[in-house]
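The sequence and model come first, then the notes.

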Amino acid sequence: MTAHVLVPVDGSRPSRAALEYALEQFPDAELTLLYVVDPMTDYSRQRAYPGYTTEDEYTSEREKGEAVLESLEETLPDDVSVGTVVEAGDPARTIVRYADDHGADRIVLGSHGREGVARYLLGSVAETVVRRAAVPVTVINDREA
């Protein structure tokens, strides 16, 4: 029996599909939705848009994460209770660390299903999580969403 399922989300269609899958497959489990703020996003925006400060951008990304979590919570049935958390760091490493530190029994995450050069250049959070996680990982890809 899976008691605690971690569902990393980013507001994308695959992450919403991962949440739906977790709700269907693990109806009695404790669910935690995790939004990871990637500091590299902040850095990239600062370089592209001079005048923004680190604090301004970090707050903006954090607020985006909180809005994504809030919107997902609003879609859940009334009888479903989930925990939500925003963490900062490299997405794959943060997901694995959070699962380890908080006793997750499974991770369910969405994947954009990139291939070829896009996958090479952008990396694969899902692939890294699958390789490094100490618990079972279910990946819902964009084609399934």
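The protein has six helices and five strands, where helices (H or I, at least four residues) and strands (E, at least two) are DSSP runs numbered from the N terminus. From the N terminus on, the elements run β-α-β-α-α-β-α-β-α-α-β. The model is predicted, so local features need pLDDT of at least 70 and side-chain atom pairs count only at pLDDT 80 or more, while totals for chains, interfaces and linings use all residues. Residues are numbered from 1 along each chain as its sequence is written, and side-chain values use heavy atoms, with hydrogens and water left out.

**Overall figures**

- Buried residues make up 37% of the 145 residues; buried means under 20% relative accessible area, exposed over 50%, and partly exposed in between (1.4 Å probe, protein chains only).
- The protein exposes about 8,600 Å², of which carbon and sulfur atoms supply 46% (Shrake-Rupley method, 1.4 Å probe).
- Among contacts (heavy atoms within 4.5 Å) between residues at least 6 apart in sequence, 76% join residues at least 24 apart.

**Nonpolar cores**

- The largest nonpolar core holds 21 residues, and Val5, Val7, Val9, Leu19, Leu31, Leu33 and Val108 touch the most other members; such a core is a set of buried Ala, Val, Leu, Ile, Met, Phe, Trp, Tyr and Cys residues joined through side-chain atoms within 4.5 Å.
- At least two residues of this core come from each of strand 1 (4-8), helix 1 (13-25), strand 2 (30-37), helix 3 (54-75) and strand 3 (82-88).
- Another core lies apart from it, with 15 residues, including Val85, Ile95, Ile107 and Ala126.

- Leu31 is found in strand 2 and is buried, with a relative accessible area of 3%.
- Not counting residues up to four places away in sequence, Leu31 touches Val5, Val7, Leu19, Ala22, Leu23, Val82 and Gly83.
- The C-alpha atoms of Leu31 and Ser81 are separated by 7.5 Å, although the two residues are 50 apart along the chain.
- With the sequence neighbours up to four places away again left out, Leu33 touches Val7, Val9, Leu19, Leu69, Leu72, Val82, Gly83, Thr84 and Val85.

**Helix 4 and helix 6**

- The axes of helix 4 (residues 91-101) and helix 6 (residues 125-132) come within 8 Å and cross at roughly 35°; axes are lines fitted to C-alpha atoms over the stretch in contact, with angles from 0 to 180 degrees between N-to-C directions.
- Pro91, Ala92, Arg93, Ile95 and Val96 of helix 4 make the contact with Val125, Thr128, Val129 and Arg132 of helix 6.
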